[in-house]
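Subject: Structure for your review

Dear colleague,

Please find below the structure that I am handing over to you, with its sequence. My findings follow directly after it, and I would be grateful if you could read them alongside the coordinates.

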Amino acid sequence: MEATSYRTHGCGALRLSEVGQRVRVAGWVRRVRDLGRFVFVDLRDRSGLLQLVALEESPMYAKLRELGREWVIQAEGILRRRESPNPTLPTGEVELLVEEVRVLNHSAVPPFLIEDETDGQEELRLRYRYLDLRRPIQQRRLELRARMISIIRSYLSQRYFLEVETPMLIRSTPEGARDFVVPSRLKPGTFYALPQSPQLLKQLLMVAGYDRYFQIARCFRDEDYRGDRQAEFTQLDCEMSFVTREEVLETFEGLVKTVFSELIGVQLPDFPRLTYAEAMRWYGSDKPDLRYSFRWEEVSEWARQQPVPFWKDKATFWLWVPQVKASRKIQDTLQTIAKDNGASSIAFIQQERGHRTSSLSKFLSIEELPLPGDGMGIWLTTEKLSALGAVRQGIIQHLNIPPETPWAVLWVIDFPLFEADDNGRLSAAHHPFVHPHPEDLHLIEEAPLSVRALAYDLVVNGNELMSGSLRCHTPELQMRVFRALGLSEAEAKEKFGFLLEALSYGAPPHGGCAFGIDRWVMLMAGAQSLREVIAFPKTASGADLMLGAPAPLEPEQKAEILSWLSE
RNA sequence: GGUCCGGUAGUUCAGCUGGUUAGAACGCUGGCCUGUCACGCCAGAGGCCGCGGGUUCGAAUCCCGUCCGGACCGCCA
């Protein structure tokens with residue numbers, strides 16, 4: 001902490017090495033402990049906590065006794081060794097014998113404890129966010145976030161990436177989430193939209209020859225929120241030219257490893273890669289949590305030959321979880337999860353100290369099945385692979401299985417380019433600018449659902465942390481994809497004319513990605529909610545409880561804006 | 001948009017099958033206390049029971065509506 005005229009040291013910086021020195025500190029009063037002939041004050045600033053002390057015979061004694069919680073004070077005196085140290089505090093071996101104290105500001109009594117373990121509910125803390133952020137644990141989280149962004153900037157800048165800002169007032173794009181909209185005053189009846197991501201702008205930067213771009217970009221989506229979602233959120237947005245998918249993955253694998261190493265001292269091994277098809281078949285999810293190694297195996301052929309009536313004509317999968325045992329109640333829960341996710345049957349077998357029990361014992365001679373030891377096995381019949389993922393997650397959650405490793409980071413690649421909605425209409429699985437896999441180009445028209453994309457996700461502990469792709473860089477290929485999505489030439493020109501035009505002026509091969517920074521910080525900080533790693537977050541209904549936003553406008557302002565809405 | 005949970009002292013909660021004066025802990029105020037660090041001890045103040053309506057002799061408690069917060073589903077290329 002920098003010294004100023006108000007202070008010579010940060011409260012948390014003082015150690016035995018400063019004992020005997022005259023020091024001046026400034027900060028907030030955490031608590032006053034009045035013992036009669038002694039008074040102790042805990043003084044807090046961002047650097048930590050320091051104990052101040054005054055004895056009865058000192059004129060400071062009366063002054064310290066009068067201080068209230070969260071008053072802002074400045075104190076000066078000689079640092080001395082404590083008679084009874086506190087080993088739980090970094091400054092626990094020293095204290096400041098106060099010779100002078102100045103109250104810089106009073107404070108109202110705070111509505112909740114300004115401590116890591118606070119007694120305030122989140123609603124109250126959001127209303128007094130400046131007090132909540134005064135808690136050391138919050139300061140550490142925002143410091144972690146700032147350090148992470150600084151590491152990212154340094155890594156990318158060293159690799160020829162250029163940080164470019166893109167506008168917040170842009171044009172609404174037809175796909176994706178609902179836009180936040182801003183009415184135009186100068187052209188009544190027209191509207192700006194806030195960006196859902198700088199996707200198209202960064203592609204235009206590649207066309208412009210900027211080669212490697214990044215931005216810590218604020219993005220906006222007007223959808224309903226959750227604990228893990230905010231109306232505005234922060235992306236690390238990146239794009240590169242003249243690179244293969246392989247080179248993009250290497251670049252960002254390096255970034256992620258660097259952040260883990262420099263931020264929390266974790267050396268990650270090389271990231272395994274799963275294709276989308278493998279991830280779905282083995283884990284039933286496109287973002288599998290690989291902290292747990294157990295995975296599904298298809299046993300349909302074997303199952304069809306067994307005398308189990310509900311295994312005929314169905315795809316059957318087998319999962320073995322070693323060294324666990326599920327109660328009847330948990331089995332019922334897993335069955336509900338399976339059924340809710342479209343599975344047609346679920347069956348269990350358990351072995352405990354060599355003794356086997358199974359819900360299929362009346363169909364199968366269970367003693368003859370080869371089992372690897374004690375544990376639980378599950379057979380699931382389902383046509384929907386996502387049921388495999390739901391049951392696997394259910395097992396982890398309800399059996400409280402401890403992770404085998406603290407961090408599991410992997411790539412999922414070869415996502416499908418298209419997906420069909422409920423009515424069978426094609427839509428872009430990721431977004432409509434993704435480059436199809438070169439081996440599947442011939443399938444775009446005949447079998448679009450089997451076209452793979454040059455797309456990739458980075459998955460950390462079951463969370464999608466980053467998503468990206470190579471992009472169509474010729475207008476011809478981009479138009480083929482648009483057509484497959486059901487866009488006519490005229491519609492494509494109307495909606496994405498500027499992109500098609502830009503691609504026709506010498507667009508280089510390019511691709512990139514976007515990281516969800518809030519989620520990433522949340523994982524690194526071990527936080528439970530995005531709101532804990534955002535300085536001024538909104539509630540689930542999109543409200544800022546401190547500012548009182550959103551709020552009605554003054555009648556004149558409202559009337560003026562209403563007049564802009566229609567031309 | 002749907003389902004569920006919650007809203008009582010400054011705070012976190014109890015009370016809720018209707019019935020004296022609505023409780024506890026922490027915090028706050030005052031007093032005592034020689035080494036505390038969740039200091040301890042004693043005393044005290046503090047309440048439109050979210051808001052509006054209804055049922056009833058009587059409502060924190062039951063019913064309807066509404067607002068706010070949270071979780072889940074939908075939604076989130």
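Directly after helix H13 comes Gly-526, which has a positive phi near 65 degrees. Please bear in mind throughout that this is a predicted model.

H13 itself spans residues 517–525 and is mostly covered, with 7 of its 9 residues buried. The buried residues are Ile-517, Asp-518, Trp-520, Val-521, Met-522, Leu-523 and Met-524.

Leaving aside residues up to four places away in sequence, Trp-520 touches Met-148, Ile-152, Val-256, Val-259, Phe-260, Leu-465 and Phe-515. The largest nonpolar core has 46 residues, and Trp-520 is one of the four that touch the most other members, together with Phe-252, Leu-458 and Phe-515. At least two residues of this core come from each of H4, E10, H6, E20, E21, E22 and H13, and also from strand E17 (409–413). H6 contributes the most, with 8 residues. Apart from this core lies another, of 27 residues, which includes Trp-296, Ala-338, Leu-380 and Val-391.

Trp-318 and Trp-379 form a tilted pair, at 4.9 Å centre to centre and with 45 degrees between the planes. Trp-318 belongs to strand E13 (residues 316–322) and Trp-379 to strand E16 (residues 375–382), so their pairing ties together parts that are 61 residues apart in sequence. Trp-318 counts as buried because its relative accessibility is 14%, under the cut-off of 20%. Trp-379, at 3% relative accessibility, counts as buried as well.

A second pair, Phe-433 with Phe-482, is edge-to-face, at 6.4 Å centre to centre and 85 degrees between the planes. Phe-433 lies in the loop between strand E19 (426–428) and E20, whereas Phe-482 lies in helix H11 (residues 475–484), so this pair ties together parts that are 49 residues apart in sequence. Both Phe-433 and Phe-482 are buried. Finally on this topic, Trp-318 and Trp-379 also belong to one aromatic cluster with Trp-302, Trp-311 and Trp-320.

The remaining findings concern RNA strand B. It is surrounded by 44 residues, of which Asp-34, Phe-38, Glu-95, Glu-223 and His-430 are the closest. Of the atoms of RNA strand B that come within 4 Å of the protein, 54% belong to sugar and phosphate. The surface near RNA strand B is made up of 14 nonpolar, 12 polar and 18 charged residues.

Several polar backbone atoms approach the RNA. That of Asp-34 is 2.4 Å from a base nitrogen of RNA strand B, and that of Ser-84 is 2.7 Å from a base nitrogen. A polar backbone atom of Ala-428 is 3.2 Å from a sugar or linking oxygen of RNA strand B. The elements that give two or more residues to this surface are strand E1 (22–34), strand E2 (38–45) and helix H2 (122–127). The largest share, 4 residues, comes from E1.

With kind regards

Key
Residues numbered from 1 in each chain as written. Chains lettered and ligands numbered in written order. Predicted model: local features only at pLDDT ≥ 70, side-chain atom pairs only at ≥ 80, totals over all residues. Heavy atoms only, no water. Near = heavy atom within 4 Å. Polar contact = N/O pair within 3.5 Å; in protein donor to acceptor, adjacent residues only side chain to side chain. Nonpolar A, V, L, I, M, F, W, Y, C, P; charged D, E, K, R; others polar. Buried < 20%, exposed > 50% of the residue type's maximum accessible area, 1.4 Å probe, protein only. Core = buried A, V, L, I, M, F, W, Y, C linked by side-chain atoms within 4.5 Å. Contact = heavy atoms within 4.5 Å. Phe/Tyr/Trp six-rings, centres within 6.5 Å; stacked < 30°, edge-to-face > 60°.
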